[in-house]
Amino acid sequence: MTNNYNPLDELPDAETDILERRQEVLARLEHLPRTPASFGLIHADLQFANFFIDPADDLLTLYDFDDCCQGWYMMDIALPLLDMLVLYPGHDREVFASRFLEHFITGYRTQCTPDPSLLAELHTFLKLLEIGLYLQVAAYAEEATPDSWVGKFMPGRKESILSRTPFVPVYL
């Protein structure tokens, strides 16, 4: 059975400005390298519900591979950051993001080396994820409770996307 669901089909006509912003981000990504060192099989859903860290063994176990696809490896760095920032209750988001990335990328480098030119584009990958998630949840966001993931993600999201505000300023 094929799932033909497309969140773009549920957007009201008034959301064309979001789709235009999405096209701008996609156009920027089109110019990025797709080399074996930067592009290949990714998890594509590397959010905190889809991995387990065993502190006793320092082992990380990933699961839920149903969204795997070909993409930039940076997507598997950007998504955990975005997910954590939605859940992070502090006001020092930039400091937290820098610390998170420092440790995450240190661990990442034990397995492979991220392309430095793509690390410099992390803000673009974050914006693509932000827009994609907005498109996925916009149709039912009003029903979300404020303490839910969607309830924490959506406030001010449309304005952030349209004003081209970075999801979080990132300095690597």
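This is a predicted model: local features need pLDDT of at least 70, side-chain atom pairs count only at pLDDT 80 or more; totals for chains, interfaces and linings use all residues.

Student: Which element gives the most to the lining of the second largest pocket?

Tutor: Helix α3 gives the most, with seven residues. Numbering runs from 1 along each chain as its sequence is written, and side-chain values use heavy atoms, without hydrogens and water.

The protein chain has an average pLDDT of 88, and 91% of its residues score at least 70. Strand β3 (residues 59–62) has the lowest confidence, with a mean of 82, and helix α7 (residues 157–162) the highest, at 96. Helices (H or I, at least four residues) and strands (E, at least two) are DSSP runs numbered from the N terminus.

The second largest pocket has a volume of about 820 Å³. A pocket is an open set of 1 Å grid points where a 1.4 Å probe fits, with protein on both sides within 12 Å along at least five of seven lines; a cavity is a set it cannot leave, and lining residues have an atom within 4 Å of a point. Volume is the space filled by the probe spheres.

The pocket is lined by 26 residues, and L46, L60, F104, G107 and Y108 are the ones nearest its centre. At least two lining residues come from each of β1 (39–42), β2 (51–54), β3, α2 and α3. By class, this lining has 18 nonpolar, five polar and three charged residues. Nonpolar covers Ala, Val, Leu, Ile, Met, Phe, Trp, Tyr, Cys and Pro, charged covers Asp, Glu, Lys and Arg, and the rest, with Gly, are polar.

Helix α3 (residues 93–109) also packs against α2: their axes come within 10 Å and cross at roughly 145°. This crossing of α2 and α3 is right-handed. On the α2 side the contact is made by D76, I77, P80, L81, M84 and L85, and on the α3 side by R93, F96, A97, F100, L101, F104, I105 and Y108. Twelve of the residues in this contact are nonpolar, none is polar and two are charged. Contact means heavy atoms within 4.5 Å.

Helix α2 (residues 75–87) has a further partner in helix α5 (residues 122–137), at an angle of about 65° and with the axes 9 Å apart. The crossing of α2 and α5 is right-handed as well. Here M75, I77, A78, L79, L81 and L82 of α2 meet L122, F125, L126, L128, L129, E130 and L133 of α5. This contact of α2 with α5 holds twelve nonpolar, no polar and one charged residues.

The whole structure has one cavity of 30 Å³ or more, and the largest cavity has a volume of about 40 Å³. Its lining consists of A37, S38, Y73, M74, I77, Y108, P114, D115 and L118, which divide into seven nonpolar, one polar and one charged.

Key:
Axes are lines fitted to C-alpha atoms, for helices over the stretch in contact, and angles run from 0 to 180 degrees between N-to-C directions. A crossing is left-handed if the near helix is turned anticlockwise from the far one by less than a right angle, and right-handed if clockwise. pLDDT is the predictor's confidence in each residue, from 0 to 100.
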